[in-house]
Amino acid sequence: MTAQLIDGVALSRQIRTELAQRAAALSAAGHTPGLAVILVGDNPASQVYVRNKVKACHDTGLHSVLEQYPASMTEQELLARVRALNEDASIHGILVQLPLPAHIDAHKVIETISPVKDVDGFHVASAGALMVGQEGFKPCTPYGCMKMLQAIGCNPRGKHAVVIGRSNIVGKPMAMLLLQANATVTVCHSGTPDLAYHTRQADIVVAAVGKRNVLTADMVKPGAVVIDVGMNRNDEGKLCGDVDFEGVREVASAITPVPGGVGPMTITMLLVNTVEAAERVAAAAAA
Ligand SMILES: NC(=O)C1=CN([C@@H]2O[C@H](COP(=O)(O)OP(=O)(O)OC[C@H]3O[C@@H](n4cnc5c(N)ncnc54)[C@H](OP(=O)(O)O)[C@@H]3O)[C@@H](O)[C@H]2O)C=CC1
Ligand SMILES: Nc1nc(=O)c2c([nH]1)NC[C@@H]1CN(c3ccc(C(=O)N[C@@H](CCC(=O)O)C(=O)O)cc3)C=[N+]21
């Protein structure tokens, strides 16, 4: 069996088409959704991601501003910019691209973003809301993964899901969303002695580690659904995920490619969150 490919580009196109209509309706009502992206330093990968985000905004009818600062920017200067954007009525979402230079405390920066503009879903208020099942912004990458499962008709209810990785931006919120969707969830990490023991039992595997070939065909139950969040470069410098794609696709029932899988969906969910933020502002203004 060769797995069905879960195409993040095609799914993104579909979601963004619907989103463009919501953005247009907001614009007509004087609430054009606006996203501010802040990039500090000159990490080349970050520059590519950030440019992709700005282009996606433009293509979908969102207003976006890109603020680029040198790596020498101080924490105080960055916090001042975030506070100014919190007060800016034309901006509904604020994204500070990570990683930040080492002299800046990323936690402090994220906690300074107003939770109503936290379209990344990284603020403790957003994490807390997710934890207790209240309305808040879901982190874009795990949110996108859930949309991909939904797109292939994979309902996590009653399934055993194994998440590899426990970061605050991917692994932990991923586990929480799967739990909310009534999966039985196992979270593995660098201290898990026998990763394969867990993944072999999984109906759904989400790999979010950042190392090539963390998941190989012998570690996957036939028919499992495999979501690859990882972003790595192989020996030829080509982009690849955490999953041995060629091997695992012969065992899994569905799999996401890298590139063209989770990455584009992350950007799409950022747009979704930004439009939602603007819709909340518009609804409050109308009330
Ligand atoms: N496609 C997209 O849109 C996005 C992709 N990414 C990519 O996803 C990957 C993960 O990102 P992120 O969560 O931020 O990364 P982190 O480095 O923050 O977290 C990696 C996690 O993997 C765990 N881990 C490390 N080695 C192993 C191992 N051998 N077996 C099991 N678990 C292991 C770590 O465990 P421990 O906690 O014990 O250290 C940690 O929990 C990266 O490649 C990143 O580039 C990230 C965000 C968005
Ligand atoms: N505040 C913040 N929010 C983030 O969401 C955030 C961040 N910081 N820092 C870095 C990670 C990583 N991330 C990606 C988004 C899209 C692709 C993506 O579109 N990837 C394309 C390929 C892009 C390429 O060719 O390099 C793909 O997989 O097809 C990848 C990675 C968001 N992140």
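Arg 166 sits in the loop that joins strand E5 (160-164) to helix H7 (171-180); helices (H or I, at least four residues) and strands (E, at least two) are DSSP runs numbered from the N terminus. The model is predicted, with local features needing pLDDT of at least 70, side-chain atom pairs counting only at pLDDT 80 or more, and totals for chains, interfaces and linings using all residues. Residues are numbered from 1 along each chain as its sequence is written, and chains are lettered from A and ligands numbered from 1 in the order in which they are written.

Beyond its neighbours within four places in sequence, Arg 166 is in contact (C-beta atoms, placed from the backbone, within 7 Å) with Gly 171, Lys 172, Val 187 and His 189.

Ser 167 belongs to the loop between E5 and H7 as well. Ser 167 is partly exposed, with 16 C-beta neighbours inside 10 Å. Leaving out residues up to four places away in sequence, Ser 167 touches Lys 172 and Ala 208. The unreviewed UniProt entry annotates Gly 165, Arg 166 and Ser 167 as "binding site"; such annotations may be inferred rather than shown by experiment.

Turning to ligand 2, 18 residues surround it, counted where the C-beta atom, placed from the backbone, lies within 6 Å. The closest are Leu 98, Pro 259, Gly 260, Gly 263 and Thr 266. Helix H10 supplies the largest share of this shell, 4 residues.

Technical notes
Contact = placed C-beta atoms within 7 Å. Buried ≥ 20, exposed ≤ 12 C-beta atoms within 10 Å, placed from the backbone.
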